[in-house]
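Look at the sequence and the structure first, then read the points below.

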Amino acid sequence: FFFPSHTSMLRKLRATNYPRAEVYEHENRDEFRALCVWLEDNWIRCLGREDRSLREITSASWDSELGQYLDVLGFPPENRDLESANGRGRIADWLLSTAIDFKFADSADRYNEQARLASVEPPDLNDGAFRNELHAIANTLHVPAHGLDTAVVLQHVADEVETNLSEAAVQRSQRLKEESAKAPKLEDYPLGFKTNDATLDQAATVLRLLYNIDLRAAQTQVNRTLSRLQEFTANPQTDSALGRVGR
């Protein structure tokens, strides 16, 4: 085990988002112990929540508890040195690497996908074949493309896909369709009269519904005004300088 450089240690501390990454010093025993506990609680999670043996950093038996903890994780006993600053530095560096490995294992698929996407080369917007394919997609999606810059067309296509064809958009559309199926139908609303013309009856029903909506909005506004008037009259303020009650 080689002693880690300051740059390597700092890089790993930042990678784990350790709150005291910029000021951490393994020479300080309390700092070292606090880091070990933080990595266990937030990244490694080898101990049960009820197990506080490692979390009592002021305990006289803490070094022994850490030794048992390192045995569980597989840290070589022959490289274990808690008395020297260099020894604590090597342990801290090993725990940081282990924490990062654990985190990667938990989200390996996501990180691999991000790496794959990052390795994909961006398209050449000046390539004629690419422009033709892009315009074909834009026409299929009914996205305006004629006379527009290739980058603008690409952005419009991306927006259209994100808005209407992404998984979230499809789920939203399906949900709206299901809600629409449960909504009352136009013929369920009573018109109150008949014209013996189905189309005219539907138009009259729509007008009546719109009238009811407007009437409801007017009623809401009236209620709001009455409420404000009641607040005005029910809570008068006294102006002793004028010798009267009121606003």
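In this predicted model, F130, R131, L134, I137 and A138 of helix α6 meet T150, V153, L154 and V157 of helix α7. Contact here means heavy atoms within 4.5 Å. Helices are DSSP runs of H or I with at least four residues, numbered from the N terminus.

Local features need pLDDT of at least 70 and side-chain atom pairs count only at pLDDT 80 or more, while totals for chains, interfaces and linings use all residues of the predicted model. Residues are numbered from 1 along each chain as its sequence is written, and side-chain values use heavy atoms, with hydrogens and water left out.

**α6 and α7**
- The contact of α6 with α7 has seven nonpolar residues, one polar and one charged (Ala, Val, Leu, Ile, Met, Phe, Trp, Tyr, Cys and Pro count as nonpolar, Asp, Glu, Lys and Arg as charged, and the others, Gly among them, as polar).
- The axes of α6 (residues 128-140) and α7 (residues 150-165) come within 10 Å and cross at roughly 40 degrees; axes are lines fitted to C-alpha atoms, for helices over the stretch in contact, and angles run from 0 to 180 degrees between N-to-C directions.
- The two helices α6 and α7 are therefore oblique to each other (under 35 degrees counts as roughly parallel, over 145 as roughly antiparallel, 65 to 115 as roughly perpendicular, and the rest as oblique).
- α6 passes α7 in a left-handed crossing, in which the near helix is turned anticlockwise from the far one by less than a right angle; clockwise would be right-handed.

**α6 and its ends**
- Helix α6 has 13 residues and spans 19 Å from its first C-alpha to its last, close to the 18 Å expected at 1.5 Å a residue (1.5 Å times one less than the number of residues).
- At the start of α6, a side-chain oxygen of D127 comes within 3.3 Å of the backbone nitrogen of A129.
- Just after α6, H142 has a positive phi of about 60 degrees.

**α7 and α8**
- The axes of α7 and helix α8 (residues 167-182) come within 5 Å and cross at roughly 40 degrees.
- This makes α7 oblique to α8.
- E162, T163, N164 and L165 of α7 meet E167, A169, V170 and R172 of α8.
- By class, this contact of α7 with α8 has three nonpolar, two polar and three charged residues.

Technical notes. Polar contact = N/O pair within 3.5 Å; in protein donor to acceptor, adjacent residues only side chain to side chain.
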